[in-house]
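Thank you all for coming. I would like to take you through one model this morning, beginning with a convention and then moving from the whole chain to single residues.

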Amino acid sequence: MNSRENQLKAFDRLLTIMDELREQCPWDKKQTMETLRHLTIEETYELGDAILDNDLDEVKKELGDVLLHIVFYSKIGSETKDFDIADVCNSICDKLIHRHPHIYGDVKVENEEDVKRNWENLKLKEGKKSVLEGVPKSLPALVKANRIQDKVAGVGFDWEKPEQVWEKVEEELTEFKVEVNSGNKEAMESEFGDVLFSMVNYARFLKINPENALERTNKKFSGRFKYLEEKAKALNKSLKDMTLAEMNVFWEEAKLNNY
């Protein structure tokens, strides 16, 4: 691994290149925070994919792309005299020191839960009106549900045992089934949302990240379906012309071949 000196040199190199691109490249000169925003979101998702695939070489590359965006925003901020990369770094350093009094102060903690509880309480003391203020409105619903539950649990609003949460899941499933039988579409949607929310909560108690779990299932399903498509193509068949039983043979093959 690189020494701290080499790490700082590499970061200085990136800052220098960013200065040069902003001054000389027609595309880079035109960018604003608004034009970069959707690209940053895309890069973050690509990083997430690489992490789930456990492709560490790709993780390294995607981290570079995300870091570039951080440096890019900071460069734009320096041009408007609002902030620069040093302000960004010092801001997060100050926050980390303040939010970790058990490391940089005299607060005692017993475990991870104590740390999370202190974190949320400190945020409220900083002027936050709600512990939920830190949950971005634009988060995907599944991720948002997980973050909401994590946030409120940090201040003690939580179930005591996983069994209690599972009972809630079963209760919501029963209520959902009632509305399905009634045929009330609006009520069905509401109860289905409750089922998903309670399942996310149960996953949290089991230390399962629901977003990661669902994305792994998406990848698994996609891999098996592509296997099915390839097998059908090899037989010069169209999936539309195959029976479900015929397709299921290849689906089971895909499972046996760890797709």
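Predicted model: local features only at pLDDT ≥ 70, side-chain atom pairs only at ≥ 80, totals over all residues.

Residues are numbered from 1 along each chain as its sequence is written, and side-chain values use heavy atoms, with hydrogens and water left out.

Let me turn to the chain as a whole. The protein chain has 12 helices and zero strands, where helices (H or I, at least four residues) and strands (E, at least two) are DSSP runs numbered from the N terminus. Its radius of gyration is 24 Å, well over the 18 Å that the globule rule gives for 259 residues, so the chain is more spread out than a compact globule. That radius is taken over C-alpha atoms, and the globule rule is 2.2 Å times the number of residues to the power 0.38. Along the principal axes, the C-alpha atoms fill a box of roughly 65 × 50 × 40 Å.

How much of the chain is buried? Of the 259 residues, 24% count as buried, and here buried means under 20% relative accessible area, exposed means over 50%, and partly exposed is in between, with a 1.4 Å probe and protein chains only. The chain exposes about 18,500 Å², of which carbon and sulfur atoms supply 55%; the areas come from the Shrake-Rupley method with a 1.4 Å probe, and for residues only the protein chains shown count as cover. Among contacts with a separation of 6 or more, 54% are accounted for by residues 24 or more positions apart.

Next, the interior. In soluble globular proteins, nonpolar side chains tend to be buried together. A nonpolar core, as I use the term, is a set of buried Ala, Val, Leu, Ile, Met, Phe, Trp, Tyr and Cys residues joined through side-chain atoms within 4.5 Å. The largest such core in this model has seven residues, namely Leu14, Met18, Leu36, Val71, Phe72, Tyr73 and Ile76. The elements that give two or more residues to this core are α1 (4-24) and α4 (56-79), and α4 gives the most, with four residues. Apart from this core lies another, of five residues, among them Leu228, Ala232, Met247 and Phe250. To return to a member of the seven-residue core, methionine 18 is in contact with Asp28, Leu68, Val71, Phe72 and Lys75, leaving aside its neighbours within four places in sequence.

Helix α4 also holds leucine 63, which is partly exposed, with a relative accessible area of 45%. Leucine 122, by contrast, lies in helix α7 (residues 112-125) and counts as buried, at 14% relative accessibility. Not counting residues up to four places away in sequence, leucine 122 touches His98, Arg99 and Pro101.

I will finish with two distances, both C-alpha to C-alpha. Lysine 237 and cysteine 25 are 212 residues apart in sequence and 51 Å apart in space. Arginine 216, in helix α11 (residues 210-234), is 167 residues along the chain from aspartate 49, yet their C-alpha atoms are separated by 9.7 Å. Arginine 216 is itself partly exposed, with a relative accessible area of 46%.

How values were computed. Contact = heavy atoms within 4.5 Å.
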